[in-house]
Amino acid sequence: NFTAGPGAYVTDKSNSVVPGQRLGHIENFTAGPGTYVHKQHVYASVVGLKQLLFEENSKESDVKPVLTVTQEKESSIVPDIGSIVTAKVLRINPRLASVNILCVGSRTLKEPFQGIIRVQDVRATEIDKVQVYKSFRPGDIVRAEVISLGDLRAYYLSTAKNDLGVVFAQSVAGSTMIPISWELMQCPKTKLKEFRKVARPDNIPVTTSS
């Protein structure tokens, strides 16, 4: 774990990032808290602000700056219809997934809002075949769109578009899983595959799922 020394300083404080967002290449940066490495790139593992930590005189040496993501709270943000939100799955049942909305756009909420992803809002095609437990698991981080203000208790969210769905998930073995298709993620440690409704990353081609 990286600990900033007395000569360290921070820059790039204004960049908000979400889990799964690519931050840089390990040739140029060292992965710090709030990040993980996959295929030579550093990715954010939490919602927060991207920061670069430079040791004193590091620009004159071979010491690479450290990429970190720190969670910073902002207030007075409210989801609206059409908002793209980042949420954490709390519970699932055959009808829906209950989530906590953590982020609206790139802005982190001071307190989470409750959200619901109903089975009919998981994807755009073959809705009658959707199974919630094959789409989300508790602890997953998902990117979703607000489609209704719902009732007084929760916003209604949709992950039907190709770029919406699970952006960060841990396997049973505790490793950050890698998306390999729009409906599968793989544990890099055990190579076991798990079903998810995946938010399409750059390396997965467009499908007819939306």
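The following legends describe close-up views of a predicted model.

**View A. The largest nonpolar core.** This core holds 24 residues, and Val85, Ile101, Ile117, Phe136, Val142 and Leu157 touch the most other members. Strands β8 (84-93), β9 (96-104), β10, β11 and β12 each supply at least two residues of the core. Strand β9 gives the most, with four residues. In soluble globular proteins, nonpolar side chains tend to be buried together.

View B. Leaving aside neighbours within four places in sequence, Ile101 is in contact with Pro79, Val85, Thr86, Ala87, Leu109, Pro112, Phe113, Gln114, Gly115, Tyr155 and Leu157. Two of these partners, Val85 and Leu157, are themselves listed with Ile101 among the core residues that touch the most other members.

**View C. Tyr36 and Phe168, an aromatic pair.** A search of the whole structure finds three aromatic pairs. In the pair of Tyr36 and Phe168, the ring centres are 6.1 Å apart and the planes stand at 50 degrees, so the pair is tilted. Tyr36 belongs to strand β4 and Phe168 to strand β13 (residues 165-168), so that distant parts of the chain, 132 residues apart, are linked. Both Tyr36 and Phe168 are buried. Together with Tyr43, these two residues form one aromatic cluster.

**View D. Phe113 and Tyr155, an edge-to-face pair.** The ring centres of Phe113 and Tyr155 lie 5.7 Å apart with the planes at 85 degrees, and the pair is therefore edge-to-face. Because Phe113 lies in strand β10 and Tyr155 in strand β12 (residues 155-158), the pair ties together parts that are 42 residues apart in sequence. Phe113 is partly exposed, with a relative accessible area of 25%, whereas Tyr155 is buried at 12%. Both Phe113 and Tyr155 are also contacts of Ile101.

**View E. Ser45 and its contacts.** Ser45 lies in the loop between β5 and β6 (48-54). With a relative accessible area of 18%, Ser45 counts as buried, because the limit for a buried residue is under 20%. A polar atom of the Ser45 side chain lies 3.5 Å from the backbone nitrogen of Thr35. Apart from neighbours within four places in sequence, Ser45 is in contact with Pro19, Gly34, Thr35, Tyr36 and Phe168.

**View F. Lys134 over an aromatic ring.** Lys134 lies over the face of Phe195, and the distance to the ring centre is 4.7 Å.

View G. Most residues other than glycine have a negative phi. Gln40, however, has a phi near 75 degrees, a positive value. Gln40 is found in the loop between β4 (35-38) and β5 (41-44). Its relative accessibility is 45%, so Gln40 counts as partly exposed. Glu126 also has a positive phi, near 45 degrees, and its place is in the loop between β10 (107-118) and β11 (141-148). Glu126 is partly exposed, with a relative accessibility of 45%.

**View H. Cys103 and Cys187, two buried cysteines.** Cys103 counts as buried because its relative accessibility is 0%. Cys187 is likewise buried, at 1%. The count of disulfides in the model comes to zero.

Conventions: Residues numbered from 1 in each chain as written. Predicted model: local features only at pLDDT ≥ 70, side-chain atom pairs only at ≥ 80, totals over all residues. Heavy atoms only, no water. Disulfide = S-S within 2.5 Å. Buried < 20%, exposed > 50% of the residue type's maximum accessible area, 1.4 Å probe, protein only. Phe/Tyr/Trp six-rings, centres within 6.5 Å; stacked < 30°, edge-to-face > 60°. Lys NZ or Arg CZ within 6 Å of the ring centre and 35° of its normal. Polar contact = N/O pair within 3.5 Å; in protein donor to acceptor, adjacent residues only side chain to side chain. Contact = heavy atoms within 4.5 Å. Core = buried A, V, L, I, M, F, W, Y, C linked by side-chain atoms within 4.5 Å.
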